[in-house]
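I opened the model to look up ring pairs, charged pairs, the sheet and the confidence values. My entries follow in that order.

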Amino acid sequence: CLQVAGGTLADDMAGEPLLPVGIDRVALFGPVAGPLWVHACGSGRGEVISTDVTVCTEDGTVVATVEGLHVRRAPAGLLRDGAASALFHAVEWREADPPRAAAGGRVVVVAADPAHGETLAAALGDRADVVADPADLPELHDSDTVVDLTAWNEAGDVARSLALARRILHGEARPALVVVTQGAVLDDPRPWQAARWGLAATLALEHPELRVRRVDADTLDAVAAELAGADGEDMVVWRNGRRRAARLTARLPEQTGRPVLRGTVLVTGGLGGVGRRLAGWAADRGAEALVLAGRSADPGLAEVLSGEFGVPVRIVAADVSTEAGVAAMLAAADGLPPLRTVVHAAGVQAPGLLAELGEAELWAALAAKATGAELLDRATRGPGLDYFILVSSIASVLGAAGQGGYAAANAF
C-alpha cells in the first residue's frame, strides 16, 4: 500500500529523492488478506509531504488505515558525487575458512530425490535422517538442523521450500534451517534456484529463531563440509572446494555512459508508477515509440501519454505470464519502428507471512515476474534486440517481511 502512497507524489516530485520521516497512526480493523483496494490521498507540498492511506476489501470494507505518512525532500546533492557512495551497495563474495567441525545434533535432510539425500547423509554419518516429503518430517527438536535439499539437480519448484518452511513453523520446535541451492548466485546463475534465496531471505527476517542459512554449492561434499559446523555465516558459496561468504559493501555503479535507445520500447507493468517512470526514461534516451502493457488498460490514455512523452504510445491490456499475453504485447508493436528494447517491470505482490502463505499466492507473485521474464525472453530473443532489462527489488537480497513471494520473484 505504501507504493500507492508513493504514486500520489510522483507527478509533483519529478524524480526528487524522498526520505520517510514518520507515521502518525496505523489502525487495523480486520484481516488484511485477499484482493485489496488501496486509496491514497496526498497533502502538503512543502518541505514535508504527507499522505493518508485507506485499505479496503473488494466490497468496500475498510480493514486498515495509515494516517500521516510523512516524507521529506532529501538534502540537495544527496545523490551527487561522493554523497551517493553510501546509498549504492553490492554483494561481494570473500574467501572464508570452512567452519570448524563441532559435535552437533541430528540433521534431517529433505530431498526431492532420495538418492541425493542418502549421499549427503552418508557424508554426515549416523546423525542424519532423510525424508522425501516435508509432510514426512519426524518430530523435531530445537537442537536439530533441517536441510532443504529439494532444489538439488532440480529446475526449482520454489513451492517445495515454502511447504517445508510452513511444516516447520506449524510445529512447536524451532530447528536450524539450511537452504541448499545449486547455482543460485555468482556466474551464470540459474534463476529458479535464485528465487529460493529470496524466499529464504524473507524467512530469515520473519523467523530469526530458525537461524536460516543459505548455502549454494557445486557438490554434496561441500554441503557436508558446511554442515560440519557453524561460524555465523548465513550466506555461503562453495566452488571447487573453496568457501566464500557474502558481504554487503558500498560500491558506486560502474559508469558506462548514458544508454542510447532506438526503435520501439516495450514496457511491461508500463502503467504503474515505476513503469511510467521507465517509459519516460526510455523516451528521454531516444525511444521512437512505446508499447505500455498492463493487466488492465485504458486505451484513451495512449493519447495523453503520447503528449507527455513526445513519442507515439500504444496501450495493451495483457497478462505477461501467459504466451497469449506476450503475443498480444508484441502484436501491439506492429506498424511501429522495430522492437529494440524490452523493459520487464511487471510484478504482483502477494502479501502474507510465510507461515500462512499458500502455494497459489506464491505462484501469483512468481507468475508475473519470473514466468513473464521467461516468456518474454523466449519470444524476443534474437539479434534484433538491443536491451532486455529486468526490473528487480532490494527485497531479492535482503528479503521483505510479509512479502516472501515478492522477494522470491525479484530474486529470479
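**Aromatic pairs**

I counted three aromatic pairs, taking rings of Phe, Tyr and Trp (its six-membered ring) as paired if their centres lie within 6.5 Å, with planes under 30 degrees apart called stacked, over 60 edge-to-face and the rest tilted. I looked up Trp-93 and Trp-197, which form an edge-to-face pair with 6.1 Å centre to centre and 70° between the planes. Trp-93 is in strand β5 and Trp-197 in helix α5 (residues 191-206), 104 residues apart, so this pair links distant parts of the chain. Helices here are DSSP runs of H or I of at least four residues and strands are runs of E of at least two, numbered from the N terminus.

I checked burial next: Trp-93 is buried at a relative accessible area of 18%, and Trp-197 is buried at 4%. Buried means under 20% relative accessible area, exposed over 50% and partly exposed in between, with a 1.4 Å probe and protein chains only.

The ring centres of Trp-192 and Phe-412 lie 4.9 Å apart with the planes at 70°, so I noted this pair as edge-to-face. Trp-192 lies in helix α5 and Phe-412 in the segment after α12 (404-411), so the pair ties together parts 220 residues apart in sequence. Trp-192 counts as buried at 13% relative accessibility. Trp-192, Trp-363 and Phe-412 form one aromatic cluster.

**Source notes**

This is a predicted model, in which local features need pLDDT of at least 70 and side-chain atom pairs count only at pLDDT 80 or more, while totals for chains, interfaces and linings use all residues. Residues are numbered from 1 along each chain as its sequence is written, and side-chain values use heavy atoms, with hydrogens and water left out.

**Salt bridges**

I found 16 salt bridges in the structure, each a side-chain nitrogen of Lys or Arg within 4 Å of a carboxyl oxygen of Asp or Glu. One of them joins the side chains of Arg-106 and Asp-144 at 2.6 Å, N to O. Arg-106 is in the loop between β5 and β6, and Asp-144 is in the loop between β7 and β8, 38 residues apart. I noted Arg-106 as partly exposed at 22% and Asp-144 as buried at 3%.

Arg-262 and Asp-386 meet at 2.7 Å, N to O. Arg-262 lies in the loop between β12 (242-250) and β13, and Asp-386 in the loop between α10 (359-380) and β17 (387-390), so the pair ties together parts 124 residues apart in sequence. Arg-262 is partly exposed at 40%, and Asp-386 is partly exposed at 32%.

I also noted a network of salt bridges linking Arg-213, Glu-226, Asp-231 and Arg-243.

**Sheet**

I traced an open sheet of eight strands in the order β5-β12-β11-β10-β9-β8-β6-β7, with mixed pairing; two strands pair if DSSP finds at least two bridges between them. The edge strands are β5 (89-95) and β7 (128-131), each pairing on one side only. Strands β8 (residues 145-148) and β9 (residues 176-181) pair in the parallel sense over four bridges. Val-147 has Val-178 in β9 as its bridge partner.

**Confidence**

I read a mean pLDDT of 87 for the protein, with 91% of its residues at 70 or more; pLDDT is the predictor's confidence in each residue, from 0 to 100. Confidence is lowest in helix α2 (residues 10-13), at a mean of 54, and highest in strand β13 (residues 264-268), at 97. Where pLDDT is low, the predicted coordinates should not be read in detail.
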